[in-house]
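Colleague: Could we go through the helix and sheet packing of this model together?

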Amino acid sequence: MIAGLMLTMGSLLFIILLLIVYFSKERFLSIRNKIYRYMLIVVLILLISEILATFCVGLCSSNFANLLIYRIHWSTGIVWFALLYYYSMVFISEINVNNLMSVIKYTKASKIISVVFLILSLVYFLVPFERLDPSYISYIPGPASYYVLAFCALSVFLIVIYILKHGKNASIRTKASVWIMVIEMAIIFALQLMFPTIAFSAIGAALQMFFLYFNVENPDLKIIKEVETLKSDIERSNRAKSDFLSNMSHEIRSPMNAIVGFSETLLNSPNFDEKSARSDISHIASAGNNLLDIINNILDISKIESGKETLEKKEYMLSNVIMELTSIIEARLGDKPVKLMVNVDKNIPSRYYGDKGKIFQILLNILTNSVKYTEVGKIKLDVTGERKDDYEKLLFKVSDTGYGIKKEDYDKLFEKFSRLDAATTNEIEGTGLGLVITKKYADLMNGKIWFESEYEVGTTFYLEITEKIVNYKPIGEITEPVKNDKEVEYLDCSSYKVLIVDDNKLNIKVASRLLGKYGFNIDTSESGRDCIYKIKEGKKYDIIFLDHMMPEMDGIETLHILKKLDGYELPPIVALTANAITGMKEMYLKEGFDEYLSKPINIAELNKLINKYFKK
């Protein structure tokens, strides 16, 4: 009895020290930490009631009082083992909730087990104790105490079941910690039954709290883990940076090699052959477009990962999206022996409310991939829908007869900068960012994207998004012919005058060359101040193309000053800028520009703009 009492008092002293240390440090109060605090407090009560019960049996003549203190003592044991189960459950599954009640209600199984715990706890108060003998104090005085030990054994058994069922994805450290805890409790049970006069159960609970503190709950461990995680993140970031530079070096230099190589060939060729020159220029244009795609993807992924990407919802016609995609993909296929097929359900609604730009970008990325990876055969775009109230669940299906994807490459498909074997083997250009952007855009719209593929047979991508219906009129047959961007009908604008404002002389030359096709009378300016001076001087223009990023006075500042001039009639002012990140068009229009045109200038977009203002 004396040895057991000394062990209990020693355990109490250590628990008090643990409480002081634990509450003196900064704590990270997750639900696991909260349950651990409850367990600490219950263990403290368990040990104090153990000592009180020991003295009461020897000093108090009232058997009722003795049994009452024992009843309280063992009931704290029931509470502690129930908390141990919930602690193990949270620890193994990394459950992230706010309070213990949420843990209890977390799953159907946890609700059932909690009800069982409650019933067993209530039944405990009906199970009798044996009459205590002061001359020989037994810590297992009859059925009630054995009942409590059975409850504790049940809790540990349920923990084992939970580990086996839910611990597959837990870390080795987590599983090892819980198994050590279970083994320790099993040893405690055995000792308690072998030596009933020593309170091994209470001592075991105290030991368990020390084990959990130094192995799991110590705040210093969390700090160390965070430092290790930070170190790992930095190393991963450095590797990603190196991979990024390596990828970009290859992907940017490849088209640049074509641009510089063919340009030098044309410049240094002693005999000019028109057919050969046109072929070289076609290669330069193709390489330039590939380079532009790479830059756009880098800018898009940068904006997405900064958290600045948002949905820009407005009304749109789905037929316009399909026709524009068809036009671009037909141009990109060129002379490839690949047929583009488009099949749109005639009964789906014609007009929706959503982010047309992102839907277009997703489908363009998928279709562009199909063009890259398909040498012969067909690429097919299917569009179907399923209506629910005022919304339509649209399913886009893009299938091709390309190289296909190996099963071991499936997981790489939506990873940044990942390049599949087919891409490297067949020297296909790209950053590996297109499908990453596609996946992030789909997630942003609460949509789903997935794929099926068979190597050397072909690949099918699926995109599912839900859009609000604006016009229920069926989309019908999409019959508008495909327009070739290369075939532009130039209006006669010889009676109109245009001002090009840009600090870069080469950019002015490019814009002048493109606008010269329309016969414009062209005036140029290399600064915002000169532009304002010319307007103040009384020069009249029918349209102004104004660059944004210029030294001293940028395009936006220049525009604001022009808008403040009284008595001057301003023509349409177009923001002509290389600042082409998603959302920039809306920003420029909000600042007061009439139109937006990105660099490098897209001939089709320029032609559309010229037709808008000068066709009549």
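**Packing of helices and sheet**

Modeller: Helix 15 (residues 505-516) lies across strand 8, strand 9, strand 10 and strand 11 (573-577), and runs at about 165 degrees to strand 9. This is a predicted model, in which local features need pLDDT of at least 70, side-chain atom pairs count only at pLDDT 80 or more, and totals for chains, interfaces and linings use all residues. Residues are numbered from 1 along each chain as its sequence is written, and side-chain values use heavy atoms, with hydrogens and water left out.

Colleague: Which strands are the edge strands of the open sheet?

Modeller: The open sheet has 5 strands in the order 9-8-10-11-12, with parallel pairing (two strands pair if DSSP finds at least two bridges between them). An edge strand pairs on one side only, which holds for strand 9 (521-525) and strand 12 (595-598).

Colleague: What is the bridge partner of Val501 in strand 10?

Modeller: Strand 8 (residues 497-501) pairs with strand 10 (residues 543-546) in the parallel sense over 4 bridges. Within strand 10, the bridge partner of Val501 is Leu546.

Colleague: Is helix 5 roughly parallel or antiparallel to helix 6?

Modeller: The axes of helix 5 (residues 108-124) and helix 6 (residues 143-166) come within 10 Å and cross at roughly 170 degrees, where axes are lines fitted to C-alpha atoms, for helices over the stretch in contact, and angles run from 0 to 180 degrees between N-to-C directions. Angles under 35 degrees count as roughly parallel, over 145 as roughly antiparallel, 65 to 115 as roughly perpendicular and the rest as oblique. Helix 5 is therefore, relative to helix 6, roughly antiparallel.

Definitions and conventions. Helices (H or I, at least four residues) and strands (E, at least two) are DSSP runs, numbered from the N terminus. Contact means heavy atoms within 4.5 Å.
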